[in-house]
Amino acid sequence: MKILRLILGDQLNPNHSWFKKLDDEILYVLMEVKQETNYVLHHAQKILGIFAAMRDFKSMLTKENHQVIYLGINEKSNLHSFKANLKNLFDQYNVQKFEYQEPDEYRLDQDLMELCNEVSIQSERFPSEHFFTHRFEVREMFAGKKQWLMESFYRAMRKKHCVLMSEDGKPVGLKWNFDHENRKAWKGEPKVFEDHRPIHDHSELWDEITTARIKSFGNHNASQFRWPLNRKEALKHLDFFIGHILIYFGDYQDGMHKDETRMFHSLISFALNTKMLSPKEVVSAVEKSYLSNQLSINTAEGFIRQIIGWREYIRGYYWAHMPALGDQNYFNHQLPVPNWFWNGQTKMNCLKYTINQSLDEAYAHHIQRLMIVGNFSLLAGLHPKSLHEWYLGIYIDAFEWVEMPNTLGMSQFADGGKLASKPYVSTANYINKMSNYCEGCYYSKNERVGDKACPFNSLYWNFFIANSQQLSKNPRLAIVNKQIRDMDPNLIEDIKLQAKNLIKNIENI
Ligand code: FAD
Ligand code: DLZ
Ligand code: SF4
């Protein structure tokens with residue numbers, strides 16, 4: 001029976017059981033389609049990275065004597081949608097059965113289910129064999145609960161998968177969570193390692209992408225492309241991170257600096273999310289390093305929590321709340337994303353550095369995404385769905401299942417606090433504590449009102465004043481709510497006016 005198997009651009013796992021045996025009756029297909037490149041405006045490196053990794057995967061399969069069809073972006077027969085291309089291929093190759101791995105994005109999941117209903121041939125969906133959890137595991141665990149605590153999920157995962165557990169069923173080190181209470185700012189020491197990622201020249205591929213008139217933004221950096229593009233490169237990168245960098249990760253996880261973009265972060269998200277790496281092997285490599293005394297329990301636990309905890313929890317949260325999640329807007333925020341999000345031209349140093357870095361590298365680390373861009377967006381009242389599209393486009397690791405819950409849930413509190421127990425917002429105080437962005441900024445970090453006052457300061461207080469109804473009962477906000485109750489009414493009026501003017505003038509701040 002002739003079988004056609006679809007491989008999506010984020011399903012590049014050579015260890016998938018599909019590839020264990022050779023079969024002449026099986027045809028694999030990968031396709032570069034405008035349906036995917038154009039559904040939001042993408043960073044050039046994201047398009048390059050996905051196409052280059054898909055092409056590499058195709059070469060690997062071909063070398064192993066699998067039969068592969070590859071529809072390139074400029075291929076004449078390419079109809080630029082999965083459904084249209086697949087229907088064509090079913091006819092062309094007399095396909096009797098269609099097989100695919102479960103897509104991680106709701107939209108494509110629906111699309112492929114529709115296709116299966118529309119055609120008369122058999123079809124079958126396979127697990128992607130990537131995650132620790134199944135799609136609805138988080139939903140099942142929190143059924144009937146108002147707040148979905150990541151920490152309870154994380155502990156259940158540690159037990160279920162026997163990660164960092166003693167034989168007596170207790171967590172290793174007798175604590176579940178060694179979170180650094182006092183994360184440090186980075187002041188130049190320890191030295192950040194040189195960028196050890198591979199360098200690829202993808203100028204020709206970039207020419208193909210421009211010939212196809214695919215719109216994009218950001219620096220393509222095609223001749224010096226720095227992201228791992230196959231499993232071998234990703235494993236080497238992971239090894240270096242665990243062997244040299246991970247020991248500093250926890251201490252400086254929240255630090256930001258004008259001169260350093262990577263700090264001590266792993267930069268494995270692109271390789272993980274395209275499934276070149278599996279979360280299970282990342283967790284077991286870190287655990288092994290701990291067991292051979294190369295890492296402390298604090299370091300190993302802190303990093304493992306990101307993968308087995310946050311990453312899986314976020315995915316489960318996505319599937320539990322789709323399709324409604326995309327339209328959540330708890331504060332009814334409507335402000336369009338300012339133009340300077342696309343070019344980095346703002347006087348606010350923290351945003352200028354973070355956005356320009358994102359445009360250059362298609363990467364910013366968690367605290368830059370959460371406490372610089374997300375913080376500002378929530379305080380200013382940007383429309384959550386439009387902001388989600390910006391995040392989905394700009395970061396090389398952005399796939400909807402992971403980006404949307406982080407943006408709408410964690411960062412914008414658009415779900416009313418199901419994912420985050422309080423809004424992640426701050427004044428300039430936090431930004432100044434964790435970074436050197438405020439040095440030399442046009443704005444003054446200490447002022448709340450006036451021409452040079454840091455926008456974060458008035459916007460922060462204005463946010464709590466404006467949303468007091470929704471937030472006044474939140475026990476984690478008791479202090480801020482009391483501060484507002486005790487505030488001089490004249491100061492409240494000044495803050496409101498300052499914030500109103502900032503928002504009116506948002507394109508020029
Ligand atoms: P490290 O800091 O080294 O962390 C290691 C790994 O832990 C990451 O690679 C990631 O796989 C996992 N991880 C840590 N935190 C999270 C989290 N909150 N959610 C899911 N995984 C996590 N991550 C994405 O992979 N894709 C996205 O599109 C994305 N969008 C985000 C948008 C916003 C608004 C925020 C606040 C966070 C977002 N994150 C996203 C989570 C996190 O910022 C990135 O996973 C991380 O910055 C990737 O860089 P890294 O590999 O160097 O991570
Ligand atoms: C993100 C992306 C882009 C830009 N282009 C393609 C593509 O041309 N072909 C493809 O198979 N996948 C692409 N992707 C990744 C998909 O958007 C991703 O597989 C879905 O969002 C499911 O997570
Ligand atoms: Fe950002 Fe305000 Fe500091 Fe400037 S002063 S870098 S705008 S926090």
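The lining of the second largest pocket comprises four nonpolar, seven polar and five charged residues, where Ala, Val, Leu, Ile, Met, Phe, Trp, Tyr, Cys and Pro count as nonpolar, Asp, Glu, Lys and Arg as charged, and the others, Gly among them, as polar. This pocket (on a 1 Å grid over the protein atoms alone, an open set of points with protein on both sides within 12 Å along at least five of seven lines, lined by residues with an atom within 4 Å of a point) holds about 350 Å³ of space. The volume is the space filled by probe spheres set on the grid points, which are joined across faces, edges and corners. Among the 16 lining residues, Lys-146, Gln-147, Gly-416, Gly-417 and Asn-474 are the closest to the pocket centre.

The model is predicted: local features need pLDDT of at least 70 and side-chain atom pairs count only at pLDDT 80 or more, while totals for chains, interfaces and linings use all residues. Residues are numbered from 1 along each chain as its sequence is written, chains are lettered from A and ligands numbered from 1 in the order in which they are written, and side-chain values use heavy atoms, with hydrogens and water left out.

Ligand 2 sits in the largest cavity, that is, more than half of its atoms lie within 2 Å of the grid points of a set where a 1.4 Å probe fits but cannot get out. The largest contribution, three residues, comes from H2. Of the 16 residues around ligand 2, the nearest are Asp-10, Met-31, Val-33, Glu-36 and Glu-105, a residue being near if one of its heavy atoms lies within 4 Å. The shell divides into eight nonpolar, three polar and five charged residues. The corresponding distance is 2.5 Å for Glu-36 and 2.5 Å for Glu-105. Taken alone, ligand 2 exposes 490 Å², of which the protein buries 100% (Shrake-Rupley method, 1.4 Å probe).

Around ligand 1 there are 29 residues, with His-265, Ser-266, Leu-267, Asn-273 and Tyr-363 nearest. By class, 15 are nonpolar, 10 polar and four charged. A side-chain N or O atom of Asn-406 lies 2.9 Å from a nitrogen atom of ligand 1, and a polar backbone atom of Ile-268 lies 3.1 Å from an oxygen atom of ligand 1. Ligand 1 alone exposes 820 Å², and the protein buries 99% of that.

Conventions
A polar contact is a pair of N or O atoms within 3.5 Å; within protein, one must be able to donate a hydrogen and the other to accept it, and residues adjacent in sequence count only if both atoms are side-chain atoms. Helices (H or I, at least four residues) and strands (E, at least two) are DSSP runs, numbered from the N terminus.
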